[in-house]
Amino acid sequence: MNEFMKIAIEEALIGMKNNEGGPFGAVIVRNGEIISRAHNEVVMTNDPTAHAEVTAIRRASRLLGRFDLSDCEIYSSCEPCPMCFAAIHWAKIKKLYYGSTREDAANIDFDDQYIYDVINGTAKELHVEVVQIDREESLAPFIEWKTKMDRVQY
């Protein structure tokens, strides 16, 4: 068994057994060394974004002092949800290893299919009403950003 996946699974078990969140764990590795490890902390923190992968990314970024994790890999005990998958991309992580599938997660009542359906435009009903307002006014920061000389691109 892969040593980093083993640790991701251990993290999943720790969080679950301590009732800190669902049975999910993640490990971020750089040059064969663990940079961060985390488990789902949604219940413990009352933060719906405190998934294992997002928590591991936050810890790795804080430790390394940067938001670009392109020299890192992530090991997740389960196929990441859409939010975590997006976070992995935003962090520029180049390689994702995962264990269980999203279908395996759905079998224990962690079903992301609805979110995939919303993203794909195939959801039969929407749970969130989306209304665009005040576009012209909200463009002001974008206009300023475009000419900002000291901006940090990411």
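Q: Before we start, what should I know about the numbering and the confidence limits?
A: Residues are numbered from 1 along each chain as its sequence is written, and side-chain values use heavy atoms, with hydrogens and water left out. Because the model is predicted, local features need pLDDT of at least 70 and side-chain atom pairs count only at pLDDT 80 or more, while totals for chains, interfaces and linings use all residues.

Q: Which residues touch the most other members in the largest nonpolar core?
A: A nonpolar core is a set of buried Ala, Val, Leu, Ile, Met, Phe, Trp, Tyr and Cys residues joined through side-chain atoms within 4.5 Å. Buried means under 20% relative accessible area, exposed over 50%, and partly exposed in between (1.4 Å probe, protein chains only). Here the largest core has 21 residues, and Ile28, Ile57, Leu69, Ile74 and Ile93 touch the most other members.

Q: Which helices and strands each supply at least two residues of this core?
A: Helices (H or I, at least four residues) and strands (E, at least two) are DSSP runs, numbered from the N terminus. The suppliers are β1 (25-30), β2 (33-39), α3 (52-64), β3 (73-78) and α4 (82-90). The largest share, five residues, comes from α3.

Q: What is Ile28 in contact with, leaving aside its neighbours within four places in sequence?
A: Contact means heavy atoms within 4.5 Å. For Ile28 the partners include Ile34, Ala56, Ile57, Leu69, Cys72, Ile74 and Ile93. There is also a second, separate core of seven residues, with Ile7, Val27, Val29 and Tyr75 among them.

Q: Why is β1 largely enclosed by the rest of the structure?
A: Five of the six residues of β1 are buried, so this strand is largely enclosed.

Q: In what sense does β1 pair with β2, and over how many bridges?
A: Two strands pair if DSSP finds at least two bridges between them. β1 and β2 pair in the antiparallel sense over six bridges, and Gly25 stands opposite His39 in β2. The two strands form a hairpin with two residues between them, and Asn31 in the turn has a positive phi of about 50 degrees. Four bridges join β1 to β3, again antiparallel, with Tyr75 in β3 as the bridge partner of Val27.

Q: Which residues of α4 are buried, and what covers them?
A: Pro82, Cys84, Ala87 and Ile88 are the buried residues of α4. Their cover includes α3, β3, β4 (95-100) and α6 (113-120). Just after α4, Lys92 takes a positive phi of about 65 degrees.

Q: How many salt bridges are there?
A: A salt bridge is a side-chain nitrogen of Lys or Arg within 4 Å of a carboxyl oxygen of Asp or Glu. By this rule the count is eight. One of them joins Asp71 and Arg30 (3.9 Å, N to O). This pair links distant parts of the chain, with Asp71 in the loop between α3 and β3 and Arg30 in strand β1, 41 residues apart.
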